[in-house]
Structure formats: structure tokens, C-alpha cells
Amino acid sequence: MALIVLAADKGAPGVTTAATALGAIWPRPVLLAECDPAGGDLAYRLPAAGGGVLNPGKGLLTLGATARHGLSHSLIHEHTQKMVGGLDVLAGLTHGEQAAGLTWLWGPLGRALATLPHADVLADCGRLGGHPELGELITEAALTVLFTRANLDHVAHLRERLQVMPRGTQVGVVVISDPRQYRATIDEVRRIVAATGKDVAFVAGLAHDPKGAELLRGQWGGRLDRSLLIRTARELAGRLAAHVAPGPPGVPGVPGVPSVPGVPGRREAS
């Protein structure tokens, strides 16, 4: 189906929290892939299905060790795990030094994730800039979403990142915004992005909600479903899903869309 890259530039926060929230309420079957060369932390942050722990040694590193002679869709699934609530995840590297031996992986991985059947892929690529080899994965994505805050330094980094994005890349911008100034902040960043003259598909928002982020670390249920983080993530997920697959995919959180128990708004995989 579709590969969506989620990333940020220097200093911009919240990519992993956003990726997890979006995965939890995505309107179609989805795989959350930690593709940050600096290392991931989902294995330490979130519990596995059944109340256990995710295995930090199983994921991108083990996939890379077995994929030199070909990276098939079935091989990817052999190295995924299931988080609490049923979200499938490809856990990332445990530390950045491991990326040195995997510089060849990003292009083949991007091509495989972009053509994964029966599921979209949300690729958490962390902070861009220090790992140019990630460009090979980004070029395979249907959409790259850059996260920012409205602070002057964060927006300045965003403008610079827009200037160096690979030609032909479809880019969207998401502002992690204070709920008290939510719409005004998004509108201000939208004006700044428009002034760059770069072709950006949209500027949207996600609430800065520390309490919701803490609930997302395993305390699934009604309180999380009512949090500002999940409420704004539903709106964002609907926009992203419609952008990469126009049509009637289903809208997160509307009546009639079945959900997996324990994960707000998440659709059962077919």
C-alpha cells in the first residue's frame, strides 16, 4: 500500500509519540517501522501484546542481518512484533553505532516498505540531517511529513530542511502546537511555509499533550481516547490516509469503523 515517512529536523520533538498515536488509530491496517539510524526506543517505551515486553534485539537489526541477498515482504513480517492493543511494529536499532553496517539497507528497505501488500507503513525516521543515506528511503515514500514546533529556531530549521528535500518528494508539515493557541499557531506556520515558495501539500497540527503522551506509554483505554493527543491525531490520520489513497478508506473515530479492543479507533487488520 503506501509508505509515509515521519521525521523532523534539528531540535524538533515528538516524532515517535506522533507515529505511535497515528498507528494506534490509523483507519487501515498499518505497520509502524522505526527507521531512525540514531536508534529507536519503542521497545523500551511501550509494552508488547499480552502484557510482556518487546524484544529490543528483534527488528531492523535482525532484518538487516538476513536481508543482504534479498528483502522480501515475508522477511519483513518475520522480524515484526505486536505491541499492546495489536499494533504491528518493526523495532529500530538499539543504538546509533549499529547503523554504520547498514548503510546499504535504506534503499531496499524503502522499496520493500513502499510495496508492502495489505498495509500502510508509518516510518519513524527521527531527526534528519545526520544520516544522508536515509534519502534513499525517503525517495520511495508516497508522503514525507515533517514535524515542527512554532518556535523561531524550529521553524528556521524547517525552512532549511524544505530547501534540501529530494526533488519530487511529496511533503506535508505538522505543527506540534499548544492547544491554547492551536489554530493560530498552525496558521502562522502555514504563512511562513508559503513564503518559502516550496511545494508543500499541507500544513496541519497535532496537540502538544504531555499527559496524553504518558497515557500512550501503555495505559490504553477511555482516558487516552479522550485526550487531546488522540483527538487531534484522528484528524491528522484521516488527512494523511486520504492523501496517499484518495477515496473512502474509512475515517478514524467515526461510528461504524470497527476497532481493536484496547486501541482507540484502530481498525481490525484484514
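How many helices and strands does the secondary structure of the chain come to? In this predicted model, the secondary structure amounts to eleven helices and eight strands. The chain has 270 residues, and buried residues make up 53% of them. Its accessible surface comes to about 11,700 Å², and carbon and sulfur atoms account for 53% of that surface. Among contacts between residues at least 6 apart in sequence, 78% join residues at least 24 apart.

- Strand 1, which covers residues 3-8, is mostly covered, since six of its six residues are buried.
- Leu3, Val5 and Ala7 point one way from strand 1, while Ile4, Leu6 and Ala8 point the other way, and the residues of both sets are buried.
- Strand 1 pairs in the parallel sense with strand 5 (residues 120-127) over five bridges, and within this pairing isoleucine 4 has leucine 122 of strand 5 as its bridge partner.
- Strand 1 also pairs in the parallel sense with strand 6 (residues 143-148), again over five bridges, and here alanine 7 stands opposite leucine 146 of strand 6.

**The nonpolar cores**

- The largest nonpolar core has 47 residues, and the members that touch the most other members are Cys35, Leu71, Leu109, Leu113, Cys125 and Leu137.
- Helix 5, made of residues 106-114, gives the most to this core, contributing five residues.
- As a general background, nonpolar side chains in soluble globular proteins tend to be buried together.

**Helix 11**

- Helix 11 runs over residues 228-244 and has 17 residues, and the distance from its first C-alpha to its last is 25 Å, close to the 24 Å expected at 1.5 Å a residue.

**Two cysteines without a disulfide**

- The structure holds zero disulfides, and why cysteine 35 forms none can be read from a distance: its sulfur is 5.1 Å from the closest cysteine sulfur, that of cysteine 125, which is too far for a bond, because a disulfide requires two cysteine sulfur atoms within 2.5 Å.
- Cysteine 125 is likewise in no disulfide, and the nearest cysteine sulfur to its own is that of cysteine 35, 5.1 Å away.
- Cysteine 35 counts as buried because its relative accessibility is 0%, and cysteine 125 is also buried, with a relative accessible area of 0%.

**Glycine 101**

- Glycine 101 lies in the loop between strand 4 (88-90) and helix 5.
- Is glycine 101 buried, exposed or partly exposed? Its relative accessibility is 40%, so glycine 101 counts as partly exposed.
- Glycine 101 and alanine 65 are 36 residues apart in sequence, and their C-alpha atoms are 9.5 Å apart in space.

Technical notes: Residues are numbered from 1 along each chain as its sequence is written. This is a predicted model: local features need pLDDT of at least 70, side-chain atom pairs count only at pLDDT 80 or more; totals for chains, interfaces and linings use all residues. Side-chain values use heavy atoms; hydrogens and water are left out. Buried means under 20% relative accessible area, exposed over 50%, partly exposed in between (1.4 Å probe, protein chains only). Helices (H or I, at least four residues) and strands (E, at least two) are DSSP runs, numbered from the N terminus. Two strands pair if DSSP finds at least two bridges between them. The expected span of a helix is 1.5 Å times one less than its number of residues. A nonpolar core is a set of buried Ala, Val, Leu, Ile, Met, Phe, Trp, Tyr and Cys residues joined through side-chain atoms within 4.5 Å. Contact means heavy atoms within 4.5 Å. Accessible areas come from the Shrake-Rupley method with a 1.4 Å probe; for residues, only the protein chains shown count as cover.
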